[in-house]
Amino acid sequence: MSERPARANAAVLVSLDFGADGYAESSEELRLLVESSGLQPRAFIQGRRQRPDPALFAGSGKVEEIEAAVREHNAVVVVFNHELSPAQQRNLEQKLECPVLDRTGLILGIFARRARSHEGKLQVELAQLEYASTRLVRGWTHLERQRGGRGFLGGMGEAQIEVDRRLIGNRVKVLKDKLLQFRRRRDVQRRARVRGDVLSVSLVGYTNAGKSTLFNALTRGSAYAADQLFATLDTTTRRVFLPGGAPLVVSDTVGFIRQLPHTLVAAFRATLEEAVQADLLLHVVDAGSKTRAAQIAAVNLVLAEIGADRIPQVLLYNKIDLNGAAPRIERDEYGKISGIWISARTGAGLDLVKQALEEYAAAATGNPVVHSAAA
Ligand SMILES: Nc1nc2c(ncn2[C@@H]2O[C@H](COP(=O)(O)OP(=O)(O)OP(=O)(O)O)[C@@H](O)[C@H]2O)c(=O)[nH]1
Ligand SMILES: [Mg+2]
């Protein structure tokens, strides 16, 4: 089968097992990430190694295998499920004669495609520039042009790759200044809300857990929900009233993922601050995920990184329609709500979520809970 048509988005995936936990799931996640980025996985090269090769990350035999797959599928990019050093990336690109993306580069590319708001775009650009400034990205722009593939890789932007480090430095400064202005404006808005004595709740969680679907169900809004990783990049905030009449602001936020690139966490700090400033976090979990515990841990890690680990949290085990579980509330030994089993899609258990919010609102404002209907 050597007569495959050239495809602008064919990708060869590489994931190597170094004996760490969660290898299978992380490899499956790579496939989802690649699909979410608009690339098509054509071949998935896997292998086992003790430790990365300093020059090429993979062993020479594995690199030959990758090279053959690139030829066979006419791939425009090779995606590694790992962090590559700038030197490894450059060596691989020379050897494979094909652009190589590492995990951080891939996630940055997805964020670049998704960013909609002015602030979101500035944040992604900042993260990309800080990432690019450590790498000789120039290496593959000519290859990209030769192959005529734009699309995904075009997301890095040739113009910004053409500029030298000094210009990158200048641009980074401009971006940081602009983002600071956004942040100040947001602070003002937030202070106005605090004065208004309104409970603020943020939906946080692993990417694709169902945050936007739940946000829409709770606010009857139309946040973009989709079966792709990082569907949401911008924080959307909406004011709603609970059945008992208490006002509340709910925010939908960007999803987290294990090994979320640090440049991104830093760049998105302003957006994520909405979560940091919340009175309560609704931590949405895909209850059916095989790596549920690892996903919860990854989210908590990022929350700690942005200083949101001390905010009270309720775990929402979502998508129970898939396993037929009944909606229910779990309480800890002090009677405080710790978890709720729901389906954002069918609406099962949403009344329990509202009930939990009423309890929190009452505790926060000192007003007793008013149940709208006598049970
Ligand atoms: N079966 C089922 N699917 C759900 C449920 N909630 C959400 N989904 C689906 O899960 C996918 C992801 O939902 P989103 O609401 O976009 O998830 P998210 O957490 O906002 O994802 P990101 O913004 O990408 O981080 C979509 O295909 C939803 O339709 C649910 O309760 N049951
Ligand atoms: Mg979303």
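My entries follow, starting with the ground rules.

**Ground rules.** I'm working from a predicted model, where local features need pLDDT of at least 70, side-chain atom pairs count only at pLDDT 80 or more, and totals for chains, interfaces and linings use all residues. Residues are numbered from 1 along each chain as its sequence is written, chains are lettered from A and ligands numbered from 1 in the order in which they are written, and side-chain values use heavy atoms, leaving out hydrogens and water.

**Sheet.** I traced an open sheet of 4 strands, ordered S2-S1-S3-S4 with parallel pairing. Strands here are DSSP E runs of at least two residues, helices H or I runs of at least four, both numbered from the N terminus; two strands pair if DSSP finds at least two bridges between them. S2 (40-48) and S4 (100-101) are the edges, each with a single partner strand, so one side of each has no neighbour in the sheet. I then checked S1 (residues 10-17) against S3 (residues 77-80): 4 bridges join them, and Val12 has Val78 as its bridge partner in S3.

**Helix H1.** I listed its buried residues (under 20% relative accessible area, 1.4 Å probe, protein chains only): among them are Tyr23, Leu30 and Leu33. The buried residues of H1 pack against S1, S2, S3 and helix H4 (103-114), with contact meaning heavy atoms within 4.5 Å. Gly38 follows H1 and has a positive phi, near 95°.

**Asn81.** I found Asn81 in the loop between S3 and helix H3 (86-96). Asn81 counts as buried because its relative accessibility is 4%. Not counting residues up to four places away in sequence, Asn81 touches Val14, Ser15, Ser26, Ser27, Leu30 and Arg103.

Methods. Buried < 20%, exposed > 50% of the residue type's maximum accessible area, 1.4 Å probe, protein only.
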